[in-house]
Amino acid sequence: MRQKDIIILGIESSCDDTSAAILKNSTILSNLIARQEIHENYGGVVPELASRAHQQNIIPVVDAAIRKAGITKNDIDAIAFTRGPGLMGSLVVGTSFSKAFSLAMNIPMIDVNHMVGHVLAHFIDDDGKEKPKFPFLCLTVSGGHTQIVLVEDYLKMSVIGTTIDDAAGEAFDKAAKMLGFPYPGGPLVDKHAKNGNPLKFEFSKPNIPNYDYSFSGLKTSILYFLQKQLKLNEHFIAENLDDLCASIQKTIIDILMKKLLKASQELNISEIAIAGGVSANSGLRDALTKLSSEKKWNVYFPKFEYCTDNAAMIAITGKYMFEKGIFADHSITATARYSISEFNL
Ligand code: KG4
Ligand code: ZN
């Protein structure tokens, strides 16, 4: 007998994007994101403004996601939402909305860890795209996190390496800010790097143990370098923009790849995935593709719309929890710090 379809409404509001998605089994019917452009003027996300914008956007976004999916709210079996990690004021909006929706529709609610969501985005059905096989390593690189995750099963994963200071996306965004780009500048660095020489300038790389990362030294090294050059030529940045972007991007990618290689070799795992906003970076994708043929890795890239924060990844995680009957009760609270190890189910 054919099993009943499972329809999940996913909600993501951990940072500055309000997103709602409708998932049917493992297929996404809609995945809408209301971006908050207001932060561009401030060079970073302003938490107070983010939570206000979530409050404004959440109902219209959910409404549009339901309509785009061609379903009605009565078809939804459960609501999955990001419990954390993220900005408290932003998380509270998604959490409270989910409680209200769950009570009003009399359906269960499922509390999802945002970082697990980034990893499980790989399991969204996408035109026959291959999915990673367990165990695999996932390099999750975003604006707030940089992690190497050992993934043993859908809901069984552990962080084996992490950043001790800035995240990779933060390194991109801070470097971009020094070059005069608006926030978030990562995608602009990527764009300019395509026309630049990655070997033109050299920046310092960290030397720290295990599978951990550090990006604060790089930030300082770029700052001092630019200050020195600008004293000699005030047009230095404008005249070298593409080469600066390419060289900075190469340094960040080299740092990321070094530890990923080490983990792959030492754990003898050649199934390698990337996730998170920075996994949209074309240089990172090229570097991984190159390594995949050199090292005989099977590499997995998420579709672009599932790289940066989105509710589709929350909905697919919700589906695996729904199948196991793991639900939250209505006293659940958002949590700004929420490690993957606390989430293992
Ligand atoms: O996963 P995400 O949407 O949000 C967080 O959970 O942080 O990641 C956002 C980060 C930002 O730092 C942004 O600059 C970076 O991802 N990003 C990129 C690219 N696209 C997004 N960085 C480099 N190259 C890109 N193409
Ligand atoms: Zn994220």
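Predicted model: local features only at pLDDT ≥ 70, side-chain atom pairs only at ≥ 80, totals over all residues.
Good morning. Helix H9 is mostly covered, with ten of its 13 residues buried. The buried residues of H9 are Ala312, Met313, Ile314, Ala315, Ile316, Thr317, Gly318, Lys319, Tyr320 and Met321. Please note that a lysine, Lys319, is among these buried residues.

The helix itself covers residues 312–324. From its first C-alpha to its last, H9 reaches 19 Å, which is close to the 18 Å expected at 1.5 Å a residue. After H9 comes Gly325, and the phi of Gly325 is positive, near 70°.

Which residues coordinate the zinc ion, ligand 2? They are His114 and His118, each through NE2, and Asp309 through OD, at 2.0 to 2.2 Å. Along the chain, these donors follow the spacing H-x3-H-x190-D.

For reference, the ideal angle for four tetrahedral donors is 109.5 degrees.

The cut-off for buried is under 20%.

I come now to the empty spaces. Rolling a probe the size of a water molecule over the atoms shows where such space is left. How many cavities of 30 Å³ or more does a search of the whole structure find? The search finds two.

The largest cavity holds about 60 Å³ of space. Its lining consists of Ala121, His122, Ile124, Asp126, Lys129, Glu130, Lys131, Pro302, Lys303 and Tyr306. Sorted by class, that lining has five charged residues, four nonpolar and one polar.

The second largest cavity has a volume of about 30 Å³. Around it are Asp166, Glu170, Ala171, Lys174, Ala175, Met178, Phe215 and Lys219. Which helix gives the most to this lining? Helix H4, residues 168–178, does so, with five residues. By class, the lining of the second largest cavity divides into four nonpolar and four charged residues, with no polar ones.

The elements that give two or more residues to its lining are helix H7 (236–267) and helix H8 (282–295). H8 gives the most, with seven residues. In total, 17 residues line this pocket, and Lys250, Ile253, Gly283, Asp286 and Ala287 lie nearest its centre. The lining comprises seven nonpolar, six charged and four polar residues.

Finally, some details of the backbone. Where are cis peptide bonds found? One runs from Gly84 to Pro85, with omega near -10°. Pro85 is placed in the loop between strand S4 (78–84) and helix H2 (88–105). Another cis bond joins Phe134 and Pro135, and there omega is about -10°. Pro135 sits in the loop between H3 and strand S6 (136–141).

That loop between H3 and S6 also holds Asp127. Although Asp127 is not a glycine, its phi is positive, at about 45°. Asp127 counts as exposed, at 80% relative accessibility.

Asn25, which is not a glycine, likewise has a positive phi, of about 55°. This residue is found in the loop between strand S2 (17–24) and strand S3 (27–35). At 27% relative accessibility, Asn25 counts as partly exposed.

Thank you for your attention.

Terms used: Residues numbered from 1 in each chain as written. Chains lettered and ligands numbered in written order. Heavy atoms only, no water. 1 Å grid on protein atoms, 1.4 Å probe; cavity = no way out; pocket = protein on both sides within 12 Å on 5 of 7 lines; lining within 4 Å. Points joined across faces, edges and corners; volume = space filled by probe spheres on them. Nonpolar A, V, L, I, M, F, W, Y, C, P; charged D, E, K, R; others polar. Helix = DSSP H or I, 4+ residues; strand = E, 2+ residues; numbered from the N terminus. Expected span 1.5 Å × (residues − 1). Buried < 20%, exposed > 50% of the residue type's maximum accessible area, 1.4 Å probe, protein only. Donors = N, O, S within 2.8 Å, 3.2 Å for Na, K, Ca; no water.
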